[in-house]
2 protein chains.
Amino acid sequence: MQEKNIRQSNQARTEATRKALIQASRMLFAEKGYADTGTPEIVKAAAVTRGALYHHFRDKADLFAAVVRAEAEAVANEIEESAVDAPTAAAALAAGGAAYFAAMAAPGRIRLLLFDGPAVLGHAAIRKIDAATGGGALRDGLIAALPKTTDPASVDALADMLSAAFDRAAIAIAAGAAPAAYRESLCLLVDALVGDPKKNPR
Amino acid sequence: MQEKNIRQSNQARTEATRKALIQASRMLFAEKGYADTGTPEIVKAAAVTRGALYHHFRDKADLFAAVVRAEAEAVANEIEESAVDAPTAAAALAAGGAAYFAAMAAPGRIRLLLFDGPAVLGHAAIRKIDAATGGGALRDGLIAALPKTTDPASVDALADMLSAAFDRAAIAIAAGAAPAAYRESLCLLVDALVGDPKKNPR
DNA sequence: GAAAAAACATACAATCTGCATGTAAATACA
DNA sequence: TGTATTTACATGCAGATTGTATGTTTTTTC
C-alpha cells in the first residue's frame, strides 16, 4: 500500500482515468454543450492525454454516452430515494414527480439529458438508458396507480407521454416559467388519469 | 427567355440561391443530421459555392435555422388547413391532432424539429419559432375547448405540456410504436382535460 | 525473469469552419 | 449613358478538431 502512486494495478488506473474523463467532460458538456466542447479541452481538464481518451472510449460520442448514463442514474437514484416510504401509489407518484423536478434543477442536467443527449445519441439510445435507469419508475408508478382495467399497451404510451410532459415542465421551469403553473397543471393531468377520488369518483 | 440566365435582378439571384441552399441542406440535415452534414457537401448539392452560403447566412447554424423555420411553417399550414371547418372546439382539437401526426410523418421532420432543432438552436429559439408558426394553434384550441374557469396561466402550461406529449407520441410512432395506443391515450388525456361530457359530466 | 498484454503518449492525415481578400454582376446616380 | 458604388459571389487561407497509426512505458502472465 506504500507505493500507491507509483505502482498501480491496471484496474485502478483504468478506473481513475475513466472517472477523471467522465467528471471533467460532464462539466464541460453541461456548460458549453456537446458540439462546443473539444476533446483537447476535455483531456486538459481531466489532466490526461487524448491517447488515454481514445484508449478508453471509442470516440467523443462514446464518452458523452457514459456521461449521460451516469447522469441518468443519478437522477433515478434521487427519485427512488424520495419515493421509498410513500403510503399509496398516488402519493409515490407525487413524491417522485417532486423529486424529478428537484433532480433536474441541478445545473446542466437539462442540457445533457433533454437536449444534447437525444440529438447526439439518438432516441433509441436515450430510451434504452432511460428504461435501464429511472424511466421505469414513472411507468411502474402509473401501473400501480392506474385502474387495473387499463389496457397494458396504453399504459406504456401514457407513461411515455407523461414523462414527456414532465420533461417539458422541467425545461420550462429552468427557462424561467412559473413552477406553480406547471406543477398544478401536472397534478390536474395526473389526477385526471389516475382518477383522484376526491374529484372524480368512479 | 434566353438571357434569363445571364441577366437577373439581385432579388431574383438572392431568392434562387437561398432557396437552393435551404432545399439542399434540408434534405441533408434530415437524412444525416446537423452534425454530420458539412458545408462543402451542402453547397455541392445546391450547386453553389461556400462563398455564397456565407454571404447569405451568418454560419451553418443560421442556415439550419432557416430550414427549421420553413419546416415548422409547413407543419403549421397543414394543421391549419385541416381544422378550418371543424364544428366544435373539441373537434378542431382532434382534427388538428390528427393533422399534426400526418405532418410529422414526413421523412426527416422529427429529426429536424424535435431533435437537432432544440439541440442546435436552443430551447428559446425553437420556442419562438414554434410560437410564430404552429405552436399557437394548440394553445388556441385548448383555450377554446377548456372550461373558462381555468386559470389563464395554467392554460399556457397545459398547452406546453400537451404539445410535448404530442411530440413524444410522434417520435414513438415514427420509431415503430403502435399508433393506436398513443392516439387513444392522447384522447384520454385531452378528454380528461377538456372534460368530455359523455364520460365526465361536470 | 522474459513474453505478452494493457495503458498510455505522440505524431499525422483528413476534414471542417469561418474569414479575408479578390472579382464580376447589378444598381444608383449624375 | 457612363461611371461609382453596392451587392452577390468566388477562392484561398488559418486555425482547430477528430480519429488513427505508431511508438513507449507499465502491468500482468507464465
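Me: H4(A) passes H6(A) in a left-handed crossing. What makes a crossing left-handed?

Reply: Helices here are DSSP runs of H or I with at least four residues, numbered from the N terminus. By the way, this is a predicted model: local features need pLDDT of at least 70, side-chain atom pairs count only at pLDDT 80 or more, and totals for chains, interfaces and linings use all residues. Residues are numbered from 1 along each chain as its sequence is written, with chains lettered from A and ligands numbered from 1 in the order written.

Me: Why are H4(A) and H6(A) called oblique?

Reply: They pack at about 140 degrees, axes 10 Å apart. Angles run from 0 to 180 degrees between N-to-C directions, and axes are lines fitted to C-alpha atoms, for helices over the stretch in contact. Under 35 is roughly parallel, over 145 roughly antiparallel, 65 to 115 roughly perpendicular and the rest oblique, so this pair is oblique.

Me: How do you know what relation chains A and B have?

Reply: A rotation of 180 degrees with 0.0 Å of shift along its axis superposes chain A on chain B, RMSD 0.1 Å. That's the relation of a two-fold axis.

Notes. Copies are superposed by least squares on the C-alpha atoms of residues with pLDDT of at least 70 in both. Helices (H or I, at least four residues) and strands (E, at least two) are DSSP runs, numbered from the N terminus. A crossing is left-handed if the near helix is turned anticlockwise from the far one by less than a right angle, and right-handed if clockwise.
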